[in-house]
Amino acid sequence: MAGGMEVKKNKFIEEWGAARENLELNFRWTRRNFAIIGIFGIAVPILVYKGIVREFHMQDEDSGRPYRKFL
């Protein structure tokens with residue numbers, strides 16, 4: 001280091017970094033994890049998609065066009 005400045009490591013930050021690096025080894029499937037994945041990985045994207053498609057269909061209806069097809 002420049003000027004002989006030593007770095008003092010923070011024990012808690014080092015523990016957090018080690019746990020983060022080994023997350024795939026320490027992960028456990030629980031009911032809570034399934035619920036979180038179900039909500040944020042499946043339900044939220046589906047609801048966002050449905051809302052977007054609904055908005056486009058409302059625009060088509062207002063302008064007198066046939067509905068656009070998505071997926």
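This is a predicted model: local features need pLDDT of at least 70, side-chain atom pairs count only at pLDDT 80 or more; totals for chains, interfaces and linings use all residues.
Residues are numbered from 1 along each chain as its sequence is written, and side-chain values use heavy atoms, with hydrogens and water left out.

The protein contains three helices and zero strands (DSSP runs of H or I, at least four residues, and of E, at least two, numbered from the N terminus). Its radius of gyration, taken over C-alpha atoms, is 25 Å, well over the 11 Å that the globule rule (2.2 Å times the number of residues to the power 0.38) gives for 71 residues, so the protein is more spread out than a compact globule. Along the principal axes, the C-alpha atoms fill a box of roughly 75 × 40 × 15 Å.

Of the 71 residues, 4% count as buried (under 20% relative accessible area, with exposed over 50% and partly exposed in between; 1.4 Å probe, protein chains only). Helix α1 (residues 11-21) lies largely in the open, because the number buried among its eleven residues is zero. By contrast, D60, found in helix α3 (residues 31-63), is buried, with a relative accessible area of 0%. The side chain of D60 makes a polar contact with that of R68 at 3.0 Å (a pair of N or O atoms within 3.5 Å; within protein, one must be able to donate a hydrogen and the other to accept it, and residues adjacent in sequence count only if both atoms are side-chain atoms).
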